[in-house]
Each structure stands twice: as structure tokens, then as C-alpha cells.
Number of protein chains: 2
Amino acid sequence: MPEPMQNGAFPAPSHDHDRCVRQAVAHAEQVCADRDLRLTPIRRRVLELIWTNHQPSKAYDLLEAIRGEPFSTAPPTVYRALDFLLDAGLIHRIESLNAYVGCDARHVAGSPMFLICRGCDRVAELPGTGVGKAIGRAAKRAGFAVDQETVEISGLCGGCADDA
Amino acid sequence: MPEPMQNGAFPAPSHDHDRCVRQAVAHAEQVCADRDLRLTPIRRRVLELIWTNHQPSKAYDLLEAIRGEPFSTAPPTVYRALDFLLDAGLIHRIESLNAYVGCDARHVAGSPMFLICRGCDRVAELPGTGVGKAIGRAAKRAGFAVDQETVEISGLCGGCADDA
DNA sequence: CGGCGCGCGTTATATTATTACATTCCGTCC
DNA sequence: GGACGGAATGTAATAATATAACGCGCGCCG
């Protein structure tokens, strides 16, 4: 069973976050092993850093974070790792924030949608199933062939709404 | 009656584009008059430039475009005009492209969704009604209060799919 | 062993956007 | 009409995000 969640989307403040990180890294190892991809030290480290919390990470903050570690701190270092992780489906880019979050794989198939809380700055990933269908219908009506869906919703998560 | 459209979304190649521009500017004038906003020369010019075609405009391309016109060509000039037009609801920002398109107001109420053709680089704005409902349901289940919806779909429009 | 491809380092530069402050324009109030 | 005040614009500098181009080293595979 996963950790307790507020309605299955945003993790409860008390959740065992180390476990999120461990699971994410283990999942990444599995994926890379299965698909013959190389989870190099830099790539693994960037993935860990992204999973430091449930807030989206900015590329240049990741760069800052690896200062002092034995990696280059020039921008291409982190952008290359991000590209790899994006291609591997291990992270997502949040377009409206120019930032990156770990893929929590709860959506499994289909395009996810993202809930972005402007209170705590966390992002939750939901299965975009119903939304995807509605998009498909609208696109079909317009004679449009869908490649990729970007669905990013800003607002307040349950916890932050209670605080307000 | 509006110009002939391909399924009501992407304008036909033959459409009277000057008319799009004239309508957009007239609408902007109306909106600004109604709400006591000032459609200054720069703002009007930027709006016209954005309506030059149905492709999204980049901020620095707009800046280039006003070279030689009696406006400052420093970035804040165009960003301020864009902010004004965004606030007034006269244009939209396409997050996944860092670019701006004219609001065609066909959506009327509710959040629009955008179809972005990777063939011709045009963007169509659709009413996001069905999608918005699906988003609302998913958000409610997650205990999330929605402020703003960003729905951007990439793919191929009818015309470009036929070409392929 | 030789070549090839991938990952990484490095430098430079491109692209997108904002901050801060000075100046000008314009309507309002006296 | 003149003084004030707020909005709009000009200007210079800089911040934030992202990519291009090139070379090196290492492991794999013939």
C-alpha cells in the first residue's frame, strides 16, 4: 500500500518521503535495465535531486545543487540529464513553470494531467483519462490528430485551501 | 457569418485574413472602450502584429518587427504591451511555445484549449467546455480548487494531415 | 588493435524575461 | 491655467532559461 495521501493526489505532510525517493530510483533502475538505457551517476543524481520534494525543480537550481559534487556545473550537464530522464519517461516538464517533476507513474498509461498548488508549490500528477477523452472528442470534431497533450491546472490543494 | 473554416477550428488557407485582423482590432477597441482601458499605439500595434497570421508570435520577433517604427525596441516595450493584452483577454500565451496568439473569442466563456499544428505552426482556439468539466471532476476528486487551466494540444491539423 | 558511438566537459552564445529608475503624457482638481 | 498624481513609455542593465559546437575518453565490437 502506498503512503497515506490526501485524496490520492497530494502527499500528506507526514508521508514518508524517503520512500518516494527510494521507489523512484528503484523504478528508474528497473526501467533502464529493461530498456538497456544507462542510468549514469549524473542522471541518477539529477533524478534524486528532482525527487528531493514534490515541488518542481528548476534546471539552474539543480545546477546549484550539484556544486561541490564531482560533476561539471555547466548548463549542458543538467540539461542533458533532464533530456535523458524526459525521454525515459522518468520525469515530466511543467511547461507553465519551466520546471521538472518526477514522474510518479500512477497514471500508468495515457497522458497525465498536473495539479499545481500555488499555496505550497507542489505538483500532483493525475491520470488524465477523462480529460484525454474529452480532448480527443474536441480534436476529432476539429479534424485534428493529437500527438501530445499538455494539461496543467493551477489552484489550491486541499491542505492549502484549509489553511486559507 | 464568419469566414469559411475547416471544421470550425483552423482557418481555410483561402480565408480573408485581413478581416480577422480588422475584427480583432475592432473588438479590442470595443473592449477597451467598455472597460476604460487605453489601447495605446504600441498596444494596438503589437496586437496587429500578433494577428499578422495564425501562428504564435514570439516576443523578440515582435520587437524585431517594430524596428524602424517610432517605438522603443527595448524588451520592456513589447513585454508591457503583451501584459496589457493578456490582462485584457485580447491575446493568450502558449506556454509550451513561449509565444502569443490573438484571442479569437469564439470560446466566449470558460477556459479555452489550444490545438497547435506542428505542420503549419498555426494555433486554433477551441472552447474547452467538455475538457473543463472533466478537469473539474478530476480536481474535485483530488480536493483541488481550480484557478486556471492550461490545455495545449500538439498534433496535425486537417490540412497538414492531408499533405502528409 | 582500431574505429565508433555515447556520455561528458568546456566555452560560448542564443533566447526569453525582468528590475530599476528616469521621463513624458494626460486627466483632475484647485 | 497650473500643480499634482498616476499611468504609460524610454532606457540601461541584468536575470533566467536553454542550446550550439567542439573535443576528449572510454567501452564495445569487430
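Visitor: How much area do chain B and chain A bury between them?
Guide: Buried area is the accessible area, taken with a 1.4 Å probe, that two parts lose on being put together, summed over both. Of the area that chain B and chain A bury between them, 62% is on carbon and sulfur atoms. The total is about 2600 Å².

Visitor: What kind of model is this, and how is it numbered?
Guide: Residues are numbered from 1 along each chain as its sequence is written, chains are lettered from A and ligands numbered from 1 in the order in which they are written, and side-chain values use heavy atoms, with hydrogens and water left out. Local features need pLDDT of at least 70, side-chain atom pairs count only at pLDDT 80 or more, and totals for chains, interfaces and linings use all residues, since the model is predicted.

Visitor: Which three residues supply more of the area that chain B buries against chain A than any other three?
Guide: Contact means heavy atoms within 4.5 Å, and 35 residues of chain B are in contact with 35 residues of chain A. Three residues of chain B supply 21% of the area it buries against chain A. They are Ala142(B), Phe144(B) and Ile153(B).

Visitor: Which residue of chain B forms a salt bridge with Arg118(A)?
Guide: A salt bridge is a side-chain nitrogen of Lys or Arg within 4 Å of a carboxyl oxygen of Asp or Glu. The rule finds 2 across the interface of chain B and chain A. In the one formed by Arg118(A), the closest N and O atoms are 2.4 Å apart, and the partner is Asp147(B).

Visitor: What is the bridge partner of Gln148(A) in S7(B)?
Guide: Strands (E, at least two residues) are DSSP runs, numbered from the N terminus, as are helices (H or I, at least four). Two strands pair if DSSP finds at least two bridges between them. Strand S7 of chain A, residues 145-156, pairs with S7(B) in the antiparallel sense over 11 bridges. Within S7(B), the partner of Gln148(A) is Ser154(B).

Visitor: How far from a phosphate oxygen of DNA strand D is a polar side-chain atom of Arg93(A)?
Guide: A residue is near a strand if one of its heavy atoms lies within 4 Å of it. By that rule 18 residues surround DNA strand D, and Arg93(A) is among the closest. For Arg93(A), the distance is 2.7 Å.

Conventions:
Polar contact = N/O pair within 3.5 Å; in protein donor to acceptor, adjacent residues only side chain to side chain.
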